[in-house]
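Here is a short report on selected contacts.

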Amino acid sequence: MALSDTLVFDERLYDAQVLQKAAYRSINSLTVDITSTGGQFICALSSNIGVDEPSFLTAVQEFKKDVLDYQLRHRLNVETQPIKNLILGLAFSKTGLTSE
Amino acid sequence: MSKFQKLEFYAQQQTYELLPFKFDRLNDDEYVITNMAGEFHVIPAPMLEPIISKTFALSPELIATLRSKQFIRFTNEQAPLQLLALKIRTRLSRLAQFTNLHIFVVTLRCDHSCPYCQVSRQSESKGEFDMTTEMADKSLDFVFRSPNPAIKIEFQGGEPLLNFEMVKYVVLEAKKRNLKEGRDLRFVIATTLSLLTDDMLDFCKQHNIVLSSSLDGPMDLHNANRPRPGRDSHQRFEEGLKKARAALGYDQVSALMTTTDKSLPRAREIIDEYLRLGFDGIFLRTLSPYGFAIKTKKFMSYDTERWLEFYKEGLEYIIELNKSGIRFVEQYSAIVLTKMLTSGDPGFVDLMNPAGAGIAAIVFNYDGSVYASDESRMLAEMGDHTFRLGSILEHSYEEIILSDQLLDALENSFTLSAPMCSDCAFEPYCGAEPVYHHAIHKDVVARKPESAFCKRNMSIFKHLIELMGSDEQTKRIFMGWANRC
């Protein structure tokens, strides 16, 4: 029988893409249904076939950590995206591979 | 007259801006952060969020480290941007040179019948599995269309020595064409050495051909892995090695090993055998999911975890050897460490992004088919022609290089836009590997959390970083591997 758990995340604090990325990373242990209601994201977690309880509990814990990591990555990306584009522009503008 | 700036100019700045970087958990207590060029630093887990939020007064030492690796910059500093751009351009410079390695499968015939053989070899007498001169000529036309100033032609099989006349033809013809072309032209024969004759060695010596061979470990293991009539593969290897070294030079013969389930408990013995035979390194390889390895279920006989144990045990022993004064390299680690510790890219096809298929290496098969990589033709021998780019007899260079089969695979597997890879701190060290993922998952990207390639490499990257962090002497040894001449 599939094991399950439900986690709730405040929409003001978390980006939907962050939850999707964390869910993707957990895909080999569990699946996540994400819904949005009343300013909250509801994540319904179900174990994959063949995943035992200790492994599922570990995977849930990993999912929570991944959500925090991806939220931090999201903040970092938003802040550094313009400069990232500038650096890539600098890098590829001097390859000599493109004509004017 | 020039004047120094005022004193305030030199005062230590404390406010900083973030530069783009990625991070991943190294273990429960630490994160590894990597900049856009792949330089890394390990920080305690509780420090990551405050660094990004800028709510933590960084020590002058940490500021210096983070600045020197371009994770942060002081406001309006321009040099970090120029440095990162330069390092990225250096790392990717190999791409502009295009295909270097051209593999000629001169025959599929082989005197061995290895159960894990990845190219589904044919018996020795089947002549229809030999490359023709017309195919060789057309393949050489293709080779010299590559803009790369360095061209390597590698002969593979089967056992290429069973069609040595074709090897000779290609070498002589290529050298003739190169009189005009002036490329840095090199030749390699991938051979078991079992059929090596003095005449062949004379030819190799005359044309500076190096030999790449196979050694799976001590005699009983090697012979069990590599059956041939007479059960004497190892003896023939050792005799061939001695002769080849005497004729061509000691360092002109290399060896590769394949790990089977029988190898797993014998990491140290395998390394000792390489040492006994005078090699200065070993490539601890996994079994690839192609050819007979699949048909005989050999590929399924051990899992990634077990292979990682084998790799870590072997690496630990190799580090011990180096600490005791014996210089010996684990070559896969050396490739990864070169990517971690320098701005260079060793150009190892499995660990390239965009994938090395077609644009770093290309294969001309015995039947005239052109494949995106050695693994692609192995897959084709299993009936999957996904990465067959065309026929050397029927298609032009442009038709093959610009084929949808190649461009789609390169574009769709690009790690900087692949799910999970695009956020991964280890992405600069990893590769796209569309052929592997297609072979296993029927998808050139695949779900990375389910990918043994991802799991294996992620574990190796973390292991190498942890080893460097835990022991200064190991770090020095690794730096030596990464900066080999």
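Which residues in α6(B) meet which residues in α8(B)? From α6(B) come Leu201(B), Cys204(B) and Lys205(B). From α8(B) come Lys243(B), Ala244(B), Ala247(B) and Leu248(B). The model is a predicted one.

**Helix pairs in chain B**

Helix α6 of chain B spans residues 198-206, and helix α8 of chain B spans residues 233-248. The crossing of α6(B) past α8(B) is right-handed. By class, the residues of this contact are five nonpolar and two charged, with no polar residue.

A second pair joins helix α17 (residues 452-470) and helix α18 (residues 472-482) of chain B. The two helices pack at an angle of about 125°. α17(B) and α18(B) are therefore oblique to each other. On the α17(B) side, the contact is made by Leu464(B), Leu467(B) and Met468(B). On the α18(B) side, it is made by Thr474(B), Lys475(B) and Phe478(B). Four residues of the contact of α17(B) with α18(B) are nonpolar, one is polar and one is charged.

The table sets out the packing of both pairs.

| Helix pair | Angle | Axes apart |
|---|---|---|
| α6(B) and α8(B) | about 35° | 9 Å |
| α17(B) and α18(B) | about 125° | 5 Å |

**Domains of chain B**

Chain B divides into domain 1 (14-92) and domain 2 (98-404). How far apart do the C-alpha centres of these domains of chain B lie? The distance between the centres is 39 Å. In the contact, domain 1 of chain B places six residues against four residues of domain 2 of chain B. On the domain 1 side, α3(B) gives the largest share, three residues. That side of domain 1 of chain B has two nonpolar, two polar and two charged residues.

**Where chain B touches chain A**

How many residues does each chain bring to the contact? Chain B brings 19 residues and chain A brings 20 residues. On the side of chain B that touches chain A, the elements giving two or more residues are α1 (45-53) and α3 (79-97) of chain B. The largest share of that side, seven residues, comes from α3(B). By class, the side of chain B that touches chain A has 13 nonpolar residues, one polar residue and five charged residues.

Note on methods: Residues are numbered from 1 along each chain as its sequence is written. Chains are lettered from A and ligands numbered from 1 in the order in which they are written. This is a predicted model: local features need pLDDT of at least 70, side-chain atom pairs count only at pLDDT 80 or more; totals for chains, interfaces and linings use all residues. Axes are lines fitted to C-alpha atoms, for helices over the stretch in contact, and angles run from 0 to 180 degrees between N-to-C directions. Helices (H or I, at least four residues) and strands (E, at least two) are DSSP runs, numbered from the N terminus. Angles under 35 degrees count as roughly parallel, over 145 as roughly antiparallel, 65 to 115 as roughly perpendicular and the rest as oblique. Two residues are in contact if their C-beta atoms, placed from the backbone, lie within 7 Å. Ala, Val, Leu, Ile, Met, Phe, Trp, Tyr, Cys and Pro count as nonpolar, Asp, Glu, Lys and Arg as charged, and the others, Gly among them, as polar. Domain bounds come from an automatic or database domain assignment. A crossing is left-handed if the near helix is turned anticlockwise from the far one by less than a right angle, and right-handed if clockwise.
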